[in-house]
Amino acid sequence: MGISARLRTIAELVTPGFRAADIGTDHGYVPIYLLRKEISPFVIAADLSPGSLEKARENAERAGFLIEDRKDTETKICENGIVCRLSDGLSEFIPGEVDSIILSGMGGILMNRILRDGADVVQSAKELILSPHRDVDLIRAYAEENGFEILEDLKLLDKKKQYAILKIRVN
Ligand SMILES: C[S@@+](CC[C@H](N)C(=O)[O-])C[C@H]1O[C@@H](n2cnc3c(N)ncnc32)[C@H](O)[C@@H]1O
C-alpha cells in the first residue's frame with residue numbers, strides 16, 4: 001500500500017491515542033496508516049458506497065486490523081482495530097464513539113452538510129481533520145460559526161496539485 005503525501009499528512013494530524021473516524025474512506029488507507037503507526041487504537045472506516053467500503057474491508061483485513069462492528073460503544077472503547085461501516089456522513093454514528101473525525105477528498109459543500117447533519121456526533125468529538133478539494137472557505141466559516149478553533153491550516157503540494165488541510169479543535 002503506497003499512501004500519498006496528502007493522506008499521510010492528514011493521518012499525522014490526528015492526535016495520538018485518539019479514536020478516529022474516516023468518513024468517505026474509500027480504500028481505507030488512512031485507517032490502516034493510523035493503526036500501523038500506532039496513532040489511533042481504534043478507527044471507524046465509513047463510506048456511503050458499498051463498493052468503496054468493500055475495498056476498505058479487504059485492505060483492513062489484509063493488513064490484519066479488521067474487527068467486527070458491534071453497535072456497542074463500551075466494547076469499542078476497549079477494542080483495537082478497524083471497523084467498516086456503511087454510512088451517509090455521520091448518520092450511522094453514535095455520539096461519543098470517536099475523538100477525531102476525518103473528512104477528505106470531497107468538496108466543502110458536502111463536508112458542511114455532513115458536519116451540520118451530524119452535529120451531535122461532532123460536538124461529542126475533540127477534533128476534526130478536514131481536507132476539502134474545493135470551497136475551503138466554507139469550512140473556515142463553519143469553524144468560526146461554531147466557535148471551533150482552527151489549530152492548523154495547511155497547504156500541501158502533492159503530485160503538482162495543491163490541497164488544503166485543516167485541523168480544528170471541537171472540545
Ligand atoms: C474521492 S474519494 C476520497 C477518498 C479518501 N478520503 C481520500 O481523501 O483519498 C470520496 C469518497 O467519499 C465517499 N462519499 C461520498 N459522499 C459520501 C457521504 N455522504 N458519506 C460517506 N461517504 C461519502 C465516496 O463514496 C468515496 O469513496
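## Ligand shell and overall fold

α5 gives the most to the shell around the ligand, with 3 residues; helices here are DSSP runs of H or I with at least four residues, strands are runs of E with at least two, and both are numbered from the N terminus. The model is predicted: local features need pLDDT of at least 70, side-chain atom pairs count only at pLDDT 80 or more, and totals for chains, interfaces and linings use all residues. Residues are numbered from 1 along each chain as its sequence is written, and side-chain values use heavy atoms, with hydrogens and water left out.

α1 (5–12) and α5 (108–117) each supply at least two residues of the shell. There are 18 residues around the ligand, and Arg-6, Gly-24, Asp-47, Gly-89 and Ser-104 come nearest; a residue is near when one of its heavy atoms lies within 4 Å of the molecule. By class, the shell has 5 nonpolar, 8 polar and 5 charged residues. Nonpolar means Ala, Val, Leu, Ile, Met, Phe, Trp, Tyr, Cys and Pro, charged means Asp, Glu, Lys and Arg, and the others, Gly among them, are polar.

| Residue | Polar atom of residue | Ligand atom | Distance |
|---|---|---|---|
| Arg-6 | side chain | oxygen | 2.8 Å |
| Ser-52 | side chain | oxygen | 3.3 Å |
| Gly-89 | backbone | nitrogen | 2.8 Å |

On its own the ligand has 600 Å² of accessible area, of which the protein covers 79%; areas come from the Shrake-Rupley method with a 1.4 Å probe.

As for the fold, the chain has 7 helices and 7 strands. From the N terminus on, its elements run α-β-α-β-α-α-β-β-α-α-β-α-β-β. The chain is as compact as a globular protein of 171 residues, because its radius of gyration is 15 Å, close to the 16 Å that the globule rule gives for that length. That radius is taken over C-alpha atoms, and the rule is 2.2 Å times the number of residues to the power 0.38. Along the principal axes, the C-alpha atoms fill a box of roughly 35 × 35 × 30 Å.

Key: A polar contact is a pair of N or O atoms within 3.5 Å; within protein, one must be able to donate a hydrogen and the other to accept it, and residues adjacent in sequence count only if both atoms are side-chain atoms.
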